[in-house]
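The sequence and model come next, followed by the points grouped by topic.

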Amino acid sequence: MKKYIWIIAIVVIAALLGYLIWGFVSRAVSNNDECTAANAKAELLQKALDEFGALTPENAALLWGKGVKERSGALQYAVMSDELKKVYKENLDKNYPAWVTGFSSPWVDKFEIIESKRVSKGEYEVIMQFSLATSAGSEGKHLAKLSIYNEGQFWVVNNVAADEIMLDLSGLNFPK
C-alpha cells in the first residue's frame, strides 16, 4: 500500500517540479503573457493529476491526509472526485491562490486511519484522526469522516465531514 502512495506522491512532485522549472524558463515573457502562461500551465497540471489516483480507498484517505498535513491543496485535489475537485478548485483559487492550505499553527503533527468500512459496492467510509500541535505542545485530536467511492479506475474522496478546524486546515471551508 505504501508503494502506491509513494508512486503517486513522486508523480505529483515531478509534475510540480516541472511546473516550477517551466516557470523559471519562461521569465522572459511579458507580464500579460506570464499570466496566460501560468494559467495554461496550471490547467495542464490539473489535467495531468486527473490521470493518477489511489488504487484503494485507504490509499485515497492517506494521500488526502498527507495533503492536509503538508498543507498541499494539490495533493488533496489529486484524490478528489470530479465533482469535489470543481468546487475545491474554485475555493482554492479564491481563498488559497498558491494552493497552500491551512495555517502555520496549529499544524497536523500526525494522522491515521482509525476505521474503514464498506458502505456499499464501490463506496467506503473512512474515519481519520488528526493530532494537532503548536509550539506550546499538543492541540488535541480531531476526526474527519471521508466518503470514498470508485470513480473509473481510482478511488476518490467525494465528501469530508469534519469540525471547523479540520475544514480550515484542508481548505474545505467553503463559504456558506
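**Backbone and salt bridges in brief**

At 29% relative accessibility, Arg-71 counts as partly exposed. The model is predicted. Arg-71 sits in the loop between α3 (57-69) and α4 (73-78), and its phi is near 60°, a positive value in a residue other than glycine. The structure holds 4 salt bridges, and three residues, Lys-117, Glu-125 and Lys-145, are linked in a network of salt bridges.

- Trp-99 is found in the loop between α5 and β1.
- Phi of Trp-99 is near 65°, again a positive value in a residue other than glycine.
- Trp-99 counts as buried because its relative accessibility is 12%, and the cut-off for buried is under 20%.
- Pro-106 also belongs to the loop that runs between α5 (82-95) and β1 (107-120).
- The peptide bond leading from Ser-105 into Pro-106 is cis, its omega being near 0°.

**Asp-168 in helix α6**

- Helix α6 spans residues 164-170 and includes Asp-168.
- Asp-168 has a relative accessibility of 19% and therefore counts as buried.
- Leaving aside residues up to four places away in sequence, Asp-168 touches Tyr-96, Gly-102, Phe-103 and Asn-173.

- Lys-89 and Asp-93 form a salt bridge through their side chains, at 2.6 Å from N to O.
- Both residues of this pair, Lys-89 and Asp-93, lie in helix α5, 4 residues apart, which is about one turn of the helix.
- Lys-89 is partly exposed, with 27% relative accessible area.
- Asp-93 is likewise partly exposed, at 36% relative accessibility.

- Glu-125 meets the side chain of Lys-117 in a salt bridge of 3.8 Å, N to O.
- Glu-125 also forms a salt bridge with Lys-145, where the closest N and O atoms are 3.9 Å apart.
- Lys-117 counts as partly exposed at 39% relative accessibility.
- Lys-145 counts as partly exposed at 38% relative accessibility.

How values were computed. Residues are numbered from 1 along each chain as its sequence is written. This is a predicted model: local features need pLDDT of at least 70, side-chain atom pairs count only at pLDDT 80 or more; totals for chains, interfaces and linings use all residues. Side-chain values use heavy atoms; hydrogens and water are left out. Helices (H or I, at least four residues) and strands (E, at least two) are DSSP runs, numbered from the N terminus. Buried means under 20% relative accessible area, exposed over 50%, partly exposed in between (1.4 Å probe, protein chains only). Contact means heavy atoms within 4.5 Å.
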